[in-house]
Structures are given as structure tokens and as C-alpha cells.
Amino acid sequence: MAHLFRDLSLGHSKRETTPPAPPLTAMPTTNEAAADLASPLGELASQLSLSELRLTAYEIFVAACRTSSGKPLTFIPNSDSPGHHHSPSSPGLQRSLTSTAASKVKKAFGLKSPSGSASKKSPGSGSGSGTGKPRRPLTVGELMRSQMGVSEAMDSRVRRALLRIAAAQVGRRIESVVVPLELLQQLKLSDFIDQQEYDAWQKRTLKVLEAGLLLHPRLPLDKSYSAAQRLRQVIQGALDRPIETGKNNESMQVLRSAVMALASRSDGSLHESCHWSDGFPLNLRLYEMLLEACFDANDETAIIEEVDELMEHIKKTWGILGMNQMFHNICFTWVLFHRFVATGQVEMDLLYMADSQLAEVAKDAKTTKDPEYSKILSSTLSSILGWAEKRLLAYHDTFDGGNIDTMQAIVSLGVAAAKILVEDISNEYRRRRKGEVDVARNRIDTYIRSSLRTAFAQLMEKADSSRRASKNQPNPLPVLAILAKDVGDLAINEKEVFSPILKQWHPFAAGVAVATLHACYGNELKQSISGIMELTPDAVLVLRAADKLEKDLVQIAVEDSVDSDDGGKAIIREMPPYEAEAAIANLVKGWIKTRLDRLKEWVDRNLQQEVWNPLGNQEGYAPSAVEVLRILDETLDAYFQLPILMHPALLPDLMVGLDRCLQYYITKAKSGCGSRNTFIPTLPALTRCTMGSKFQGFGKKKEKSPNSQKRNPQIATMNGDNALGISQLCVRINTLQRIWSELDVMEKRIITRLRNSESAHAEDFSNGLVKKFELSPAACVEGIQQLAEAVAYRIVFRDLSHVLWDGLYVGEPSSSRIDLFLQELERNLLIISDTLHERVRTRIITDIMKASFDGFLLVLLAGGPSRAFSRQDSQIIEDDFKSLKDLFWANGDGLPSELIDKFSTAVRGVLPLFRTDTESLIERFRRVTLETYGSSARSRLPLPPTSGRWNPTEPNTLLRVLCYRNDEAASKFLKKTYNLPKKL
């Protein structure tokens with residue numbers, strides 16, 4: 001900052017002596033650089049140019065700086081020509097600039113003098129550099145002339161005229177003198193180079209009088225006031241033809257009369273003053289010209305080292321211009337700020353000084369109620385604030401990491417201006433309690449939200465352009481996915497670059513920033529989601545990007561609010577969740593439902609077309625099952641290819657759906673095929689044997705038709721169903737077996753896919769239920785069991801009923817043995833072996849064996865009146881049963897003997913009863929019945945019900961052996977005890 005004050009040491013000063021001043025028109029101007037920054041001090045109604053204002057200000061400065069004692073000003077020609085002598089008069093203007101003490105102004109702004117300046121001499125205090133000539137000290141008057149760009153000739157005229165005025169008006173205060181009027185009186189054509197220069201000067205002086213007395217008077221002016229009319233007429237005439245300014249000239253007398261009448265109007269003050277340059281805004285604009293002189297004429301961004309002494313003299317103009325410390329503070333603030341703007345905003349010290357000066361303005365604003373001051377204050381602060389907010393409301397367009405210090409200074413200045421405007425000028429603020437309004441925080445909040453909304457809109461345009469540019473490329477990203485990444489980058493940049501600065505005035509600057517971005521992106525996302533009806537790659541990309549962005553923004557907000565009283569809840573409330581995960585989940589669930597509905601339709605359609613042909617493929621299972629499994633696998637593969645991060649979470653939904661579809665297929669595959677009870681015939685009523693010859697017994701074979709017709713009516717309905725032949729049933733069993741085995745493979749494949757999924761976690765593998773089919777395996781087991789029993793009992797009780805139920809042991813047991821049944825059964829077993837899958841072959845043959853054993857027992861115990869057995873037939877029966885077992889044992893190549901023994905237990909328990917004598921059977925039957933029914937059975941033996949569980953200790957089993965015993969004792973017992981008929 002010290003370079004603002006140039007080192008004026010000997011040999012380095014640009015003002016060792018008074019340099020030739022540039023013409024007024026060449027004075028550096030900054031207005032072009034700040035053309036969009038209108039002066040808040042007010043626009044003049046007169047046609048005075050800047051150079052004319054500057055000269056008038058200089059005249060006032062020189063007039064005001066004469067000694068207060070009334071000692072006349074002495075003209076000091078500014079020349080270094082040899083032999084010229086300087087008058088020691090007017091010490092105010094002639095004071096030598098030799099002080100190197102720290103400037104009060106610099107102290108006030110925290111500035112330091114250039115390094116080493118205290119040990120260097122002031123300009124002109126020693127020998128010159130290289131010439132050996134002594135140089136006189138540079139005076140304040142000479143410095144001011146140089147700074148304001150006033151020529152030596154004009155300076156000389158003004159000083160001469162002021163000396164004459166002082167001589168003529170000894171003892172009068174300068175405030176009681178109308179300086180332009182007296183200069184008109186004192187300066188003649190002879191004082192100028194030519195008539196043209198004199199005319200121009202005179203017109204300028206008259207315009208100054210017009211501005212100060214008619215256009216911008218201190219006191220309001222009645223248009224009908226005669227003095228004003230006279231002055232206006234004189235000035236208008238003089239603009240056409242220069243007036244004579246002699247003391248006794250009539251025009252001059254009229255002018256003086258009118259001027260003094262207007263200037264002498266009192267404002268109620270005790271001091272005798274003439275009001276010709278203290279009206280607003282003329283006085284402010286003139287004072288602004290004086291303050292501009294504090295800047296180095298050769299470096300527009302630097303304040304001269306002699307600013308203290310120069311400012312001391314400038315303040316002497318307050319009496320003439322009607323200024324005071326408050327107006328000085330606000331004007332100086334504006335001049336510093338305007339200079340910063342006008343010089344390209346490169347010298348930050350100017351901005352720091354303006355900010356520091358604004359602190360003094362804030363104190364002033366709290367202590368005065370002057371309406372004129374309030375008007376100027378409001379205008380100036382509004383101009384400063386307007387300029388600052390033009391940049392801060394879109395600070396992303398103006399600032400970055402390279403110029404962040406500039407932003408900090410501008411924010412400080414803007415907030416200070418806003419606080420004064422709101423707290424000291426706004427009536428609205430006064431009506432409220434001050435604690436309710438945090439001006440700084442509110443302004444920063446507005447800047448953050450405004451700038452980020454603007455930045456977001458620009459990102460939208462950028463993302464849209466990027467999308468259009470990549471339209472012809474493969475798989476271009478959707479706009480909102482691009483935007484989400486850009487917004488995330490913007491949020492990080494905001495947090496790292498801007499928030500640390502703005503946090504000085506707003507404790508949760510980063511939180512407000514991300515909440516704003518969250519809302520902006522949320523609005524766009526909401527519109528996008530409302531149009532998404534199905535799961536597409538673009539939709540998932542957008543929603544995943546939105547979810548990641550939201551998590552990043554919330555994290556920044558939480559970190560920014562760690563020290564807040566509510567832990568950041570207020571900011572988080574501003575960020576209603578996007579619910580992108582829920583939206584993705586809903587879309588995925590919709591995708592799952594669509595896939596499952598299609599699969600269900602496909603199952604129905606293909607099952608209707610399925611013929612269960614064993615020649616459909618080499619493996620002997622249904623082609624429809626192959627397709628079902630293929631579609632299931634494709635569905636799972638498609639699911640894991642979805643670009644989502646919730647595969648484990650939604651997998652159970654898909655698994656349940658696929659499981660139910662598969663269960664539906666299995667249920668349909670086994671439906672209508674019958675079961676064990678479908679094929680077992682209805683047991684005939686109990687009868688007793690007719691005693692007679694073998695011929696009679698043989699004749700009973702002809703009475704089998706009533707028995708055969710009482711079988712389960714379902715059998716008849718299925719006889720003509722070719723689709724339910726044994727081979728077709730075997731294909732169904734193979735199909736269920738294939739599905740069952742494939743389920744395990746599919747589950748392992750699901751685990752592999754889960755491991756390859758980027759969204760899977762260790763806990764997703766700990767719960768195996770989510771990856772398993774629950775309904776289908778059990779349905780397969782149940783289906784295979786049902787179909788196996790259906791095959792077995794169909795073969796035994798339907799397909800072979802003519803050789804078993806209708807043939808075995810009908811009439812004479814010796815002539816209707818089991819051989820035919822065994823032949824037919826063996827042929828069916830060969831078909832079964834060739835058709836069934838090896839994994840279920842043993843299971844089905846075992847069921848056929850069980851059905852055969854059940855059938856054999858039914859023939860013996862419920863074969864109807866066409867069958868009768870003597871004790872001698874027991875050997876035939878035992879031999880036949882052994883042959884039946886041997887068929888399944890197949891000399892060791894068939895079923896294991898242990899398995900055969902296990903399922904033949906019931907038959908082996910019953911067969912000895914056929915060898916037992918009748919009396920023993922009757923006695924055993926009585927005893928078992930009494931044990932079963934107790935004392936109630938003593939008077940009359942009850943008829944035991946048929947349980948179907950044949951057992952030598954079970955009353956119904958013993959009773960049936962007696963019913964089919966070809967023996968008189970048995971017949972008599974049954975007749976006497978139960979009155980059973982001999983035939984149906």
C-alpha cells in the first residue's frame with residue numbers, strides 16, 4: 001500500500017521544483033473508465049465543463065488559503081529562472097514541504113510511508129541532482145497548482161487579482177467576498193494573452209455566478225425575484241457580447257448589485273457570509289475537484305505523499321463551499337471509490353481506503369438528521385452499493401481464485417454501504433427492533449442465491465450445448481447427468497474459493513450455496529422425473545447422478561453447519577430430498593412387474609401348446625421348460641445389467657416374482673394328472689364265501705363284472721386322454737426334475753452376479769434367503785411325488801387292471817396266478833426305465849413296487865365275492881408274492897433288497913393269516929376286537945371299519961381274511977355275527 005505515496009526524496013521527486021503545468025484540457029480524466037458510474041453528488045444544470053469546474057475550485061482554494069489575520073496574499077511566480085526572488089508572505093501557501101513524519105491520513109488508513117523515507121530529504125531541501133544549483137522548497141500552493149493542472153499564467157493572474165482584492169478589502173473574511181465577481185472587477189484584457197482568452201475566462205466566470213446564484217443557490221430562490229431577473233439578463237447579454245468590467249461601468253454596477261443582493265441572503269447563521277458557491281450540488285462538485293488533487297497527476301492510482309498538508313489547506317475552503325466534516329467524509333469516500341473504479345479496479349488500497357472512510361461515514365449517519373446530508377448520503381451509498389451488487393449478484397462471472405481479494409474488499413464495502421442505508425436511513429428498519437434484522441447476513445444471503453442461480457442457468461446452457469454437440473456420438477450423456485456433474489464441481493469450487501470469504505458475514509455461506517444449487521437442480525429434476533414412465537438407461541443415469549449430487553451437497557451443508565445451534569437443520573430443511581433412490585426403485589419395480597407379467601403370459605401360452613412328447617428332445621423333458629429357464633436366466637441377467645446401485649435391495653422382489661412364475665409353471669405341469677387315490681378302486685362291500693365245489697368257485701369268476709364296474713368313476717374319464725399316457729407323465733416328471741436341478745445352478749449364478757455388482761456389500765451375502773427360490777423347489781418335490789404316485793398307481797390299477805384287479809385269483813387261485821400281471825408290469829417298467837431321467841428312475845420304480853404291493857393286498861383282502869381262498873392256497877399266494885418281489889429285485893440289478901423288504905412289510909405280515917386255521921383266526925379276531933372296543937363288544941361284536949392299513953393285529957384285516965376264507969366255519973361265523981351276504 002505504501003507505493004500509493006510516492007517517495008519525494010531528492011533526485012527522485014517528480015516535483016523537485018514546480019514543473020510546467022499541463023493545460024487544463026490535458027488534465028488526466030477518469031470519467032471514461034467509469035462512464036457507467038454516475039456521480040451521486042448531483043448533476044449541474046449549468047454548462048460548466050470539468051476543466052472550468054477545476055479552475056473555479058482552484059480559485060476558491062487559493063482565496064481560502066490566505067492568512068486568517070488578514071495579511072495580504074503575496075504573488076509568488078512559479079519559476080526557477082535565475083535571479084528571481086520569492087516573497088516570504090502568505091505562509092499558508094508558502095510553507096515548505098519538508099516534513100517526513102508519518103501522515104495522519106496514512107495512519108488513519110493503516111498505510112506506511114515508503115521504506116527509508118524518514119532519512120531522505122524533502123524535494124528542494126538540498127542540492128539538486130547534477131546541477132549544483134540550490135533549489136527552494138516546494139510549497140503547498142505550487143503543489144496544488146501542479147496537481148490541478150493550472151497553468152502558471154492563470155495561477156499568476158489569480159494570485160495578482162487576489163492580492164488586489166485583499167488590499168482593497170482589508171479585514172474582511174474571505175467568506176464575505178464573492179470571489180468570481182471580484183475577479184471580474186480586477187482582471188482586465190491586458191492580463192490575458194489575447195481577446196479570445198479573456199472572453200473565454202469572462203464567460204466561464206459568469207457561468208460560475210449563474211450556477212451558484214441562480215441554478216444552485218444555497219437558499220431557495222423565487223423566480224420572480226428582481227435581482228435574479230437582472231442577473232439573468234446581464235449574464236445572457238454578456239454571453240453574446242463581453243461586458244466592460246470597469247468599476248464605474250453601468251453594466252458592472254448592475255451585475256454587482258444583482259450578485260450581492262442574491263449572495264447576501266441570510267440563512268440565519270451568525271457569520272457574515274456570501275452564499276455564491278455553497279449551494280448543492282455545486283459545492284460538492286467543486287469540493288470533489290479539490291479532493292481529486294490528492295492523487296498523483298502522473299500516477300492516477302497513487303495518493304501523493306504530502307496529502308496531510310494538502311488536505312489541511314483543502315479544508316480551509318469549507319467556509320466558502322458550505323462544507324463540514326460529514327460532507328467531507330462522504331465526498332472523500334466517493335472520490336476514493338470512484339478513483340478505484342475509474343482506474344480499472346487494479347489498486348486495492350484505494351478500495352481499502354474507501355471502506356475505511358465509510359466507517360467514519362457510518363458514525364456521521366448516526367448523529368445527524370440533516371435532510372440535505374441524508375439525501376447526498378443515500379445517493380452516494382446507493383451508487384456504491386449498486387456498483388458493488390452489480391458484481392456481487394453474479395460474483396461467479398466477476399471473480400475467481402485469482403482475484404478473490406478484490407471480491408472480499410468489494411463485499412466489505414457493499415455490506416458497509418447497505419448497513420448504513422438500512423440502519424440509519426431506512427424508516428422500515430427503525431420501526432423494527434434492530435435485533436430482528438441482520439443486514440450483512442441478509443445481503444450476503446441474497447448475493448449467494450442470486451449468483452448461484454445465474455451460474456446454474458449458465459451451466460444449463462452449457463450442458464445443453466454439450467448434449468447437442470455429442471448428439472451424433474454413441475451413447476451421449478443426458479443433459480441432467482452432465483448438469484449434475486457440473487453442479488457438483490461448482491459446489492466444490494464455491495466451498496473452497498468463495499465461502500471462506502463470505503463466511504465473514506454469513507456463518508453458513510456454504511450451506512446457503514448448496515441449498516440454492518440443490519433447489520435449482522431439484523426443479524429441473526422434478527420436471528424430468530414427471531416425464532419418466534419406464535426404466536431406461538438415460539433415466540437411471542440421471543437419477544444416479546442426482547443421487548450422488550444430493551449426497552455431496554448435503555455433506556457440504558452438514559460440514560458447514562457443524563458449529564450452528566441447530567446442527568444445520570434449518571439448511572437441511574431447505575433441501576427436501578430428491579428421492580432419486582425411491583424413483584429408481586419404483587422404476588425398477590415397474591420393470592420387474594412388466595417382465596414378470598410377460599413371463600406369466602408366456603407360461604400360459606406355451607403350456608397350452610405343450611404336448612409333453614417324450615421325443616421332444618433327447619433328455620426327455622418338455623421344451624417349454626427349457627424356454628422358461630432360459631427366460632428366467634435372461635431376466636436375471638438383464639436385471640444385473642441395469643445401471644443401478646440397488647441390485648441387492650431389489651433382488652428379493654425379482655426373486656419372489658420369478659419364484660411364483662416358476663411355481664405357477666410347476667403347478668400347471670402336474671395339474672390334471674391324478675394322484676394315488678384317483679386310481680385305487682372303490683372297495684366292494686364285505687361278503688362271505690359260498691361253500692361248494694371248485695366248479696362253483698370257478699363259476700364265481702363270471703361274476704366279476706359288478707365288481708369291475710364299481711371302480712372310481714374318475715378312471716373312466718381318463719381312459720381316453722392320450723395326453724396323459726405313461727410316457728407323457730414321465731416327461732412331466734423329467735421336466736420338474738430338470739427345473740429342480742437348474743434352480744441350484746441359477747442360485748449360484750445369482751451369487752456370482754451379485755459379487756460382480758458394484759453395489760454389493762458383504763452383508764448382502766450373509767442372508768442367503770434373498771438369493772434363493774423358496775416356493776419352486778418345494779413345488780418340484782411335491783410335483784414329482786404326486787406324478788410318481790400317479791404313474792405307479794395308474795399302471796397298477798388302471799393300465800394293468802385287467803390282469804390284476806379283474807384277473808388275479810378270480811375263481812380258482814391256482815388257475816389265475818400272477819404271471820400275466822408280472823409280464824405286463826415288466827413291459828411297463830422297461831418303458832419307464834427308457835423314458836425317465838436316471839435321477840428319478842429309482843423313485844418311480846419304487847412307487848410302482850409300492851403300488852403293486854398295495855394292489856396285491858387289495859386283491860387278497862378286498863377282491864370281492866369272485867375271489868375265495870383256502871388254507872391250501874396260501875402257498876400259491878406266497879410264491880406269487882415272492883415272484884413279484886423278484887421282479888423288482890431283478891437278481892440284484894433292480895431295487896435294493898432292503899428297500900423291497902421295507903415296503904413289503906405289510907404284505908409279509910398279512911400272508912401268514914392265509915395259512916392260519918379258521919378257528920384260530922376267529923379267536924384272534926374276537927380277542928383283538930374286544931381289546932379295541934372294550935366291554936361294549938362283549939354282548940355283540942361291532943363291525944370294524946376299513947382303515948386301509950392292513951395289519952395282522954388289526955380287526956378289519958382279520959375280518960377280511962375270514963370273509964375270503966373258503967371255509968364253512970368262517971361262513972357260519974360271519975353269518976351269525978354280522979349276517980353278511982354270500983354275494984353282492
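What percentage of the 984 residues of the chain count as buried, and how do helices H19 and H20 pack?

Modeller: This is a predicted model, in which local features need pLDDT of at least 70, side-chain atom pairs count only at pLDDT 80 or more, and totals for chains, interfaces and linings use all residues. Residues are numbered from 1 along each chain as its sequence is written, and side-chain values use heavy atoms, with hydrogens and water left out.

Of the 984 residues, 53% count as buried (under 20% relative accessible area; exposed is over 50% and partly exposed in between, with a 1.4 Å probe and protein chains only). The chain has 41 helices and zero strands (DSSP runs of H or I over at least four residues, and of E over at least two, numbered from the N terminus).

Helix H19 covers residues 439-469 and helix H20 residues 479-502. Their axes lie 9 Å apart at an angle of about 150° (lines fitted to C-alpha atoms over the stretch in contact, with angles from 0 to 180 degrees between N-to-C directions). H19 is therefore roughly antiparallel to H20 (over 145 degrees; under 35 is roughly parallel, 65 to 115 roughly perpendicular, the rest oblique).

In the contact (heavy atoms within 4.5 Å), H19 contributes residues including Ile448, Leu452, Phe456 and Arg467, while those of H20 include Ile482, Leu483, Leu490 and Glu494. By class, the contact has 14 nonpolar, one polar and five charged residues (Ala, Val, Leu, Ile, Met, Phe, Trp, Tyr, Cys and Pro are nonpolar; Asp, Glu, Lys and Arg charged; the others, Gly among them, polar).
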